[in-house]
Amino acid sequence: MRLRVDGRTVEAAAGATLLEAAAGAGVTIPTLCHDGRLSPAAACRLCLVRVDGAPRLVPACTTPATDGLVVETRNPALNSYRRFVRRALARRTGTPTPALRGPRPDRGHPFLRVDMTKCILCFRCVRICAEVEGRGIWRVEGRGAATRIAPGPAPTLLASGCSSCGACADTCPTGAITDARPRGFARPRAWTRTVCGYCGVGCETLVGTARGRVATVRPVPHAPVNRGHLCVKGRYAFGFLRAHDRVVSPMIRRGGRWERASWPDALGAAADGLRRALARGGPGAVGVLGSARGTNEENYLAGKFARVVLGTNNADNCARVCHAPSAAALKAALGTGAATNSLADLDRTAVILVAGANPTEAHPVAGARIRAAVRRGATLIVVDPRRTELAALAAVHVPLRPGGNVPLFNAIAAEIMRTGGEDGAFIAARTTGFADWRASVAAWTPERAAPLCGVAPAVIRAAARAYASARPAMAFWGLGLTEHTQGTGAVTGLINLALLTGNVGIPGAGLNPLRGQNNVQGASHMGCDPGVLAGAEPLAAGRPRFAAAWGAPIPEAPGLTATAMLEAARTGTLRSLVVIGWDLLQSGAGERRTREALARLDHLVVVDLFLNEGARAAQVFLPAASWLEKDGTFMNGERRIQRVRRAVPPPPGVRTDGEILCGLAAALGHRRGFSFRSTRAIWDEVRGLWPGAAGVTYARLEREGGLQWPCPDTRHPGTPVLYADDPSWRGAFRAVEFAPTPEAVSPEFPLLLITGRSLAQYNAGSQTRRTPARRLRGADLLDLAPADAAALAVRSGDRVRVASRWGEAILSARVTDTMKPGEVFTTFAFPGAHVNRLTGPHADAVTATPEYKVTAVSLARA
């Protein structure tokens, strides 16, 4: 469309407003209530413009641009009107009315400050909380001159249920809601665009810095993943950078005591321990555990270091204890062990299935986008033992018993076929193995599955109808599917549902694991995995090519998984281990067994920011930089490779994981192949070995933002939807027979314990515990149903002794109706709670991922 704005010819896209058309031509129209993330409200009236032929002034933010319009944004009358509006607003904020004067400024929230005497009633905070975050905490109260904004019925923001995402502070134009300023705050003098280092959503951030310190973090307004939104962790949890207990010097344990050391001495001590282990036990006696918090480049170096320097395939990362079953199942059934679609597909999906995940707490920005899709009209199905926030919004909540995923998905599949909900054309054209698989699930009626999964047959039928009722349908899942003895089988069952209904290879559909850590997808994909090389190339297929590129043979002996390495350490066959950015003791299943394994190592090298629980058993500690202090790339859960940029320098004496690995390689006589001028040079080596990322250059990432692989050349736009353009692709149906976990309830242990995450504390809490987020979540709590609490005479806040077959822990109770009788839940963010003393040795039969989600326990008042 073409229109005239202030005498200039302006081109506008279909659907654009006058405000957007003018902005595209460089014409600024003043606004106060407008925010590009929100639907227009036309509340402030500052954007009124004159349109030829219109009887009165019109708001530019809500008036559509149409072909041939003649618009005037400035003239003496408009300018006079805007001055009048501004003066009226200035009077309102300068001389508070009784309604705006109270309550007094609220300074009780750890991250936000509220002073409603500065409010001009633009309603942006109300709208952004409802439309973007989807919670509706901020509300309009009163009418006329008594209108005011308040955090619902709560007396303070802290008591309101606010998720602390900061969107209201981000949008407030007057300072009525602002970020709390930490001690020593200085206004940012520089801004760095980078990627959040918490969960696997991959939100882009703008980090404001001053005097070498992070002052504030903001969302990137039009980032494709987070679209100008962040969560409490990504926006506010950066205080750990300056924590008093951060280690800033290498250390060597001598005589049972830690002593500071120089980098040459510390690297030499680390190298000596590895040499001794190699001499005593050969390459099978050493191992490397990389970090999902590290960059792609660093994890590539970790895998290369293990194979070239140590001569072993004993390389793994913490994907082993979370989504390894997802990668295995997706690879076996579809050909690629990664998500098929993108978060952007939520804009067009008709049905959303969330299984074994609580994204509003563990992946909050993805959770907010799911809430937005439900408000738009998408049907939501939630499979979760707990009544989570999304379960309360769902059209169908399937409250299965932990461990019942396989019979549940088999029964849903059988019910879909019984009612004719399958996509016969898709099955015939794009799948294999359907007949055999159909025979394997034919007997799985809802009545057969019900006693095994704890779900009423009517609910199973309702879930089947809802999932098959409309196209397209997206499936998301988390560790509630994978951290079981049948984790790979559970994911396979979900894949079968997508194939059955034709929901693979099309926009708005697909299979999308919610990856737990910022680069857990990338860590394995870069070859920090015992079975694959960079690009997830199987060892056998990639061995000749990688050996030629690296100038060294790729070991033939199979490598050990992280789980197997710890068991080998317990039995004495693994003697030396390098652990990067992973607290094995706090986060590992079965704390007693993990402690035994670490104690029996001859030599342990830990690379981390803090002397964590597992590091206390080490002989050498090497202090590492955080994601805010390094360059490189991350790969989020939707296969998007994005640039990570250093916002602040690391403290003196601290190095990046990549620098440490290269230094250690040099100390072991392998400087060649580990001398890189930059992270770009490392990435270029990766691109040369991984055809699927050949087109993902640093130059393109700087210019275009993130790119989703496969991206085979520099002209390729990336691949938002896998398999859409591959006519030869076929998805494979795979039968899964139910094998119940050996971890069963008994008279001695009558309850089932589930472990997981909370909103304010991330994973093992090593970073978030060292921020004001402790005021939002200061301990691991035991959630239990009112009926179970009543049976024990326990109230919220009481201390409870939790016992399992494997150990004991003492936690504070929280009585909540989100739990079913017979099941309890806790997190593991605080090391003093020792939650993983409770978890046992059982693991997924395919990938050795521990079973964190099913532990039989008993409770008693402590």
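User: What share of the contacts in the protein with a separation of 6 or more comes from residues 24 or more positions apart?

Analyst: In this predicted model, such residues account for 72% of those contacts.

User: How do you know whether the radius of gyration agrees with that of a compact globule?

Analyst: For 862 residues, a compact globule would have a radius of gyration near 29 Å, and the protein has 28 Å, so the value agrees. The C-alpha trace spans about 90 × 65 × 60 Å along its principal axes.

User: Why is Trp477 called buried?

Analyst: The term buried requires a relative accessible area under 20%. Trp477 has 0%, and therefore it is buried. Trp477 belongs to strand β21, which covers residues 473-477. Across the protein, 62% of the 862 residues are buried.

User: What makes the pairing of the side chains of Trp477 and Ser326 a polar contact?

Analyst: The criterion asks for a pair of N or O atoms within 3.5 Å, one able to donate a hydrogen and the other to accept it. The side chains of Trp477 and Ser326 make such a contact at 2.8 Å.

User: Which residues are in contact with Trp477, leaving aside its neighbours within four places in sequence?

Analyst: Among them are His323, Ser326, Leu330, Ala355, Ala357, Val491 and Leu511.

Definitions and conventions. Residues are numbered from 1 along each chain as its sequence is written. This is a predicted model: local features need pLDDT of at least 70, side-chain atom pairs count only at pLDDT 80 or more; totals for chains, interfaces and linings use all residues. Side-chain values use heavy atoms; hydrogens and water are left out. The radius of gyration is taken over C-alpha atoms; the globule rule is 2.2 Å times the number of residues to the power 0.38. Buried means under 20% relative accessible area, exposed over 50%, partly exposed in between (1.4 Å probe, protein chains only). Contact means heavy atoms within 4.5 Å. Helices (H or I, at least four residues) and strands (E, at least two) are DSSP runs, numbered from the N terminus.
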